[in-house]
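Visitor: Hi! Could you walk me through this protein model, one bit at a time?

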Amino acid sequence: MLIDTHCHLHDLEWFTPDQQTDFLQHAHENGVEKIVCIGTNHEDSLCARDFATQHDGVYWTYGIHPEFADANIPTPRKADSPLGTGLIGIGEIGLDYHYDGYDRAAQIQLFERMLQLAQDQDLPVSLHIREAFSDALAILDNFPSIKGVIHSFTGSKKDLKKALERGFYIGVNGLATYATPPLPPLDRILLETDAPFLTPVPFRGTINQPGYVKQIATYLATKLEVTELEIAEQTTKNARQIFRI
């Protein structure tokens with residue numbers, strides 16, 4: 001069994017209802033039996049919740065992406081109940097210093113609020129960290145009980161070492177099939193697609209979908225010199241351990 005631990009299949013901005021149905025079927029045909037739909041703001045997270053509620057084997061997270069740090073978006077408190085059932089994590093949250101237009105101070109404030117929410121809810125996090133590892137890791141050190149995954153890792157080998165030392169898993173997606181991000185050991189890898197983005201080789205140029213987790217597993221088997229079965233078994237074990245699914 002394979003698990004796509006990070007996709008946006010619920011988002012109708014990118015996928016038509018027919019594509020959602022077809023891609024779910026394609027995923028199951030390729031052994032991808034569980035899919036995690038990741039929220040990027042308040043409304044999008046609730047769409048992920050509704051989509052997960054309507055489909056077996058689909059889970060969801062609540063998160064506010066750093067690009068929305070300047071927006072007046074509500075953050076639920078522990079005592080609130082808008083999140084509903086089936087929530088397995090908080091994400092995607094973090095820091096993104098790639099674009100000059102993002103307000104770094106606002107991002108940090110939002111990140112801290114979301115980490116507090118994860119701590120209050122006793123949930124793992126799905127982290128978006130881009131060109132901001134020093135600040136992000138320093139903030140995470142203030143929340144030592146927080147565990148989770150660094151999605152679509154693009155940091156250096158030094159950043160990877162620090163993340164692993166803090167107990168985080170690393171999300172590996174199609175980016176690894178055409179770029180050279182450092183890879184963690186297999187026992188710390190989660191498979192993900194980030195669909196519709198980061199389509200793996202040999203499907204570059206087309207919309208990404210959860211079923212393409214299989215191509216990432218195939219690539220990793222060759223890269224790490226293990227069998228695809230070992231990739232599937234270990235990454236599924238990792239995903240179950242961190243997300244409790």
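Predicted model: local features only at pLDDT ≥ 70, side-chain atom pairs only at ≥ 80, totals over all residues.

Visitor: Let's start with valine 32. Is valine 32 buried or exposed?

Guide: Valine 32 lies in strand E2, which covers residues 32-38. Its relative accessible area is 0%. The cut-off for buried is under 20%, so with 0% valine 32 counts as buried.

Visitor: Leaving aside its neighbours within four places in sequence, which residues is valine 32 in contact with?

Guide: Here we skip anything within four places of valine 32 in sequence. A contact needs heavy atoms within 4.5 Å. That leaves Leu2, Asp4, Ala27, Pro210, Gly211 and Val213.

Visitor: And how far apart are the C-alpha atoms of valine 32 and alanine 232?

Guide: Along the chain, these two are 200 residues apart.

Visitor: On to helices! At what angle do H3 and H4 pack?

Guide: H3 runs over residues 104-121 and H4 over residues 133-140. Their axes are 11 Å apart, and H3 passes H4 in a right-handed crossing. The packing angle is about 35 degrees.

Visitor: How many nonpolar, polar and charged residues does the contact of H3 with H4 have?

Guide: H3 brings Ile108, Phe111, Glu112 and Leu115, while H4 brings Asp135, Ala136, Ile139 and Leu140. Glu and Asp count as charged, so Glu112 and Asp135 go in that class. The tally is six nonpolar, no polar and two charged residues.

Visitor: Now the largest pocket. Which residues lie nearest its centre?

Guide: The largest pocket has a volume of about 620 Å³. Its lining of 24 residues splits into eight nonpolar, eight polar and eight charged. Nearest the centre are His65, Glu92, His128, Asp194 and Phe197.

Visitor: Last one: which strand gives the most to the lining of the largest pocket?

Guide: Two strands, E4 (87-96) and E5 (125-130), each supply at least two residues of that lining. The one giving the most, with three residues, is E5.

Note on methods
Residues numbered from 1 in each chain as written. Heavy atoms only, no water. Helix = DSSP H or I, 4+ residues; strand = E, 2+ residues; numbered from the N terminus. Buried < 20%, exposed > 50% of the residue type's maximum accessible area, 1.4 Å probe, protein only. Axes fitted to C-alpha atoms, helices over the stretch in contact; angles between N-to-C directions. Left-handed = near helix turned anticlockwise from the far one by under 90°. 1 Å grid on protein atoms, 1.4 Å probe; cavity = no way out; pocket = protein on both sides within 12 Å on 5 of 7 lines; lining within 4 Å. Points joined across faces, edges and corners; volume = space filled by probe spheres on them.
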